[in-house]
Amino acid sequence: MRAPICISNRPWSRGRIFYGCSQLEENRCNFFQWYDKEEDNGVVEDLKDDLEMLQIKIRKFEIENKELKELVKSLKAKSVKRRNKAVFYKLAFFTSWIVYVLVKFGL
């Protein structure tokens, strides 16, 4: 079985490349070996480029997520204002109707 090349994200070895077990987390065989640079063939640079692109995409998603959260918050605030305004107009109409009935019938 062939072990995939991985990039470490541990603080003490961040960015260092290694071979790791390809099995699911539960069935791991615990195979581990640091990547030897002599076997490179451009793989390291490709992986670094991929990592950089993924980090850029993550940042874009984080920004988009923040913007969407702000939009949702703004829309919720507008919804509350509209609801409050509708309640106010209903109360104003009801009150004016009560006053009209009281005046009309002299109560």
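These are my notebook entries on a predicted model of one protein chain.

**Ground rules.** I took the model as predicted, with local features needing pLDDT of at least 70, side-chain atom pairs counting only at pLDDT 80 or more, and totals for chains, interfaces and linings using all residues. I numbered residues from 1 along each chain as its sequence is written, and side-chain values use heavy atoms, with hydrogens and water left out.

**Fold.** I looked up the secondary structure and found 1 helix and 3 strands, in the order β-β-β-α along the sequence. Helices (H or I, at least four residues) and strands (E, at least two) are DSSP runs numbered from the N terminus. I then checked burial: 11% of the 107 residues are buried. Buried means under 20% relative accessible area, exposed over 50%, and partly exposed in between (1.4 Å probe, protein chains only).

**Salt bridge.** I found 1 salt bridge in the structure, the term being a side-chain nitrogen of Lys or Arg within 4 Å of a carboxyl oxygen of Asp or Glu. Glu62 pairs with Arg59, and their closest N and O atoms are 3.5 Å apart. Both residues sit in helix H1, 3 residues apart, which is about one turn of the helix. Glu62 counts as partly exposed because its relative accessibility is 43%; Arg59, at 49%, is also partly exposed.

**Nonpolar patch.** I noted a nonpolar surface patch of about 820 Å², made by Phe93, Phe94, Trp97, Ile98, Leu102, Phe105 and Leu107. Patches take residues with over 30% relative accessible area and no salt bridge, joining like charges within 9 Å and nonpolar side chains (Val, Leu, Ile, Met, Phe, Trp, Tyr) within 5 Å. Areas come from the Shrake-Rupley method with a 1.4 Å probe; for residues, only the protein chains shown count as cover. Phe105 lies in the segment after helix H1 (43–104), and its 58% relative accessibility is why Phe105 counts as exposed.

**Largest pocket.** I read its space as about 200 Å³. A pocket is an open set of points on a 1 Å grid over the protein atoms alone, where a 1.4 Å probe fits, with protein on both sides within 12 Å along at least five of seven lines; lining residues have an atom within 4 Å of a point. The lining has 10 residues, with Ser8, Asn9, Arg10, Phe18 and Phe32 nearest the centre. I sorted the lining into 5 nonpolar, 3 polar and 2 charged.

**Phe32.** I placed Phe32 in strand S3 (residues 32–34). Phe32 is partly exposed, with a relative accessible area of 44%.

Notes. Grid points are joined across faces, edges and corners, and a volume is the space filled by probe spheres set on the points. Ala, Val, Leu, Ile, Met, Phe, Trp, Tyr, Cys and Pro count as nonpolar, Asp, Glu, Lys and Arg as charged, and the others, Gly among them, as polar.
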